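Thanks for coming, everyone. I would like to walk through one model this morning, taking a few local features in turn, so please keep the viewer open while I talk.

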Amino acid sequence: MKKFLLAGSLLMLAGCSNSLDTSQLTESKESEDGFIKFYSAPSVDVAIDALPYEVNLPEKLPFKTVGFKSLGITDIGGKGQNPDAQFMASDKKDNNLLLSTTTGNIDYSDSNPEEITLNNGYQAQYTLPNQLDVIVKDVTYSYTLNMSELNENELKDELLKLAEQLAE
């Protein structure tokens, strides 16, 4: 009976992991001191599943694309506790959306972002000309939108539309 309880407890702990699951990732680089590790994922789904937090990628983009690609996961600390993930969607006209996710804190000391409350209730930080950060359940989504045909106000409007797609 004790063995069954111990095995069940271990399974529950493994299923509730709060660290990066590297089992399907490929380590592509490591800093000399091992403090930072870089991983690649074979697909966006594998990258999202490996993270210890939920990620919601926007479905409606301001340009036509085949979808997001995983640009990689950076494990700061090398122990899977503070992973950052980068995803990108692009089109043939060089329009692109870079979306980074992290549980780390963003330092705004060198900039003065505009604070915005989104319609979905989340707080956002807009930085000229094309970046918007939104915090959802301790995860920061950093959107960087590059669309040369849009002016600054149009870029901001598109970033806000992207962030409004975040849901709990």
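Let me start with the aromatic rings, of which this predicted model holds one pair. The partners are Tyr141 and Tyr143, whose ring centres lie 6.5 Å apart with the planes at 20°, and so the pair counts as stacked.

The chain averages a pLDDT of 87, with 89% of the residues scoring at least 70. Over residues 1-16, however, the pLDDT is below 50, and this stretch has zero contacts in the model beyond near neighbours in sequence. Where pLDDT is low, the predicted coordinates should not be read in detail.

Now to helix α3, which runs over residues 152-163. With its 12 residues, α3 reaches 17 Å from the first C-alpha to the last, which is close to the 16 Å expected at 1.5 Å a residue. At the start of this helix, a side-chain oxygen of Asn151 comes to within 3.0 Å of the backbone nitrogen of Asn153.

Which residues of α3 are buried? They are Leu155, Lys156, Glu158, Leu159, Leu162 and Ala163, and because they cover an arc of only 165° around the axis, they sit on the same side of α3.

Is Lys156 buried or exposed? Its relative accessible area is 18%, and because the cut-off for buried is under 20%, Lys156 counts as buried. Leaving aside residues up to four places away in sequence, Lys156 touches Glu114, Ile116 and Tyr126.

For contrast, let me finish with Asp94, which is found in the loop between β4 (82-90) and β5. Asp94 has a relative accessible area of 66% and is therefore exposed. Although Asp94 and Asn146 are 52 residues apart in sequence, their C-alpha atoms are 8.0 Å apart in space.

How values were computed. Residues numbered from 1 in each chain as written. Predicted model: local features only at pLDDT ≥ 70, side-chain atom pairs only at ≥ 80, totals over all residues. Heavy atoms only, no water. pLDDT = per-residue confidence, 0-100. Contact = heavy atoms within 4.5 Å. Helix = DSSP H or I, 4+ residues; strand = E, 2+ residues; numbered from the N terminus. Buried < 20%, exposed > 50% of the residue type's maximum accessible area, 1.4 Å probe, protein only. Expected span 1.5 Å × (residues − 1). Arc of directions from axis to C-beta. Polar contact = N/O pair within 3.5 Å; in protein donor to acceptor, adjacent residues only side chain to side chain. Phe/Tyr/Trp six-rings, centres within 6.5 Å; stacked < 30°, edge-to-face > 60°.
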